[in-house]
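Student: Could you take a close look at the salt bridges here and walk me through them? I would like to know where the paired side chains sit.

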Amino acid sequence: RSFLMETSRSLLRVFPVFFMLQLGVTEIATPRLVFERPESEQTMLLEGKHLDVGVTVMGGEGAGLEAAYQACVGIYSGNLSRIHIDPARDSLRCEETKVDQLAGFAWTPLAPMQFSGMASGKHTIWALLYDKGRDTVQGAVDIRRVEILPTSFQPSYSWERVYPQQSIPPGLEVRIDLGGSGLKTARIPQTWRIQVWVDEVARFLRADLTATTQVTVLLTEAAKMAGVSLSCVDLVRKDDSSSSGSAEREERYQPWETVADARLFRDQHLVYFQFSDPDLRPECVVHRP
């Protein structure tokens, strides 16, 4: 009898601990929405590629899970209007009141999704479970960072990384690490030569430029070639993105702009000199050499 009494007391002491451990397991198994795709917390894609997104619920096994919670997947970006889900996939819009603190677009995922049309830049994809009964977000919000890279490398006067499959504009300085990493970097040469055809004198203007050279240097040289005053000439960029048949848009550079600020290396094949009409300004009559 004494042995049975001691055994009973031991079981009573152990049972609450076992019960608390069971409660602890239940807390750990609290459901939360997590990403299956993309797997990495940081993802890089070239512009024009689609992003596969898939989520799953971790924990909270059992019936009634779908009735108790709503799954939401959203994207926050500086250019939301261009982003859309593949219409062949099945998904519904989350209620805006449930995700307004996170901003961006949000969907209730019923199947794997594809995000496409994402503009170059950095985007944030998030996933959460919304507790319908408590009217709160359930558990932690899972986050993925996505950077969309332009298909063509965008150079500067500093060394920048060139990612695989990015095309490199001609005329850049390029370095490749031969030590094993294969890292490729490129930059605009510290001094480079521009060549612009001047119709009025039927000659090329050639000049060596640096990042800090001002546009007025080119204007002065063009005015000297044409035998007119500096005020008679502008450097103009032709917009090549205008649709066919529409009037071309033009952008005039300011004389005090630097070559780097004006992005002349990028647009060197789109610029030309425009001279004032000599019928309106007699002092602007071009004198051919």
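Tutor: Happy to! A search of the whole structure finds seven salt bridges, where a salt bridge means a side-chain nitrogen of Lys or Arg within 4 Å of a carboxyl oxygen of Asp or Glu. This is a predicted model, in which local features need pLDDT of at least 70, side-chain atom pairs count only at pLDDT 80 or more, and totals for chains, interfaces and linings use all residues. Residues are numbered from 1 along each chain as its sequence is written, and side-chain values use heavy atoms, leaving out hydrogens and water.

One of the bridges brings together the side chains of Glu173 and Arg187, at 2.7 Å from N to O. This pair links distant parts of the chain: Glu173 lies in strand E12 (residues 173-176) and Arg187 in strand E13 (residues 184-187), 14 residues apart. Strands (E, at least two residues) and helices (H or I, at least four) are DSSP runs, numbered from the N terminus. Glu173 is partly exposed, with a relative accessible area of 29%; buried means under 20%, exposed over 50%, and partly exposed in between, using a 1.4 Å probe and protein chains only.

Now look at Asp267 and Arg237, whose closest N and O atoms are 3.0 Å apart. Asp267 is in helix H6 (residues 264-267) and Arg237 in strand E16, 30 residues apart, so this pair too links distant parts of the chain. Both Asp267 and Arg237 are buried.

Arg281 and Glu283 also meet in a salt bridge, at 3.0 Å from N to O. Arg281 is partly exposed at 26%, and Glu283 is partly exposed at 45%. Finally, bridges that share partners join Arg237, Arg266 and Asp267 into one network.
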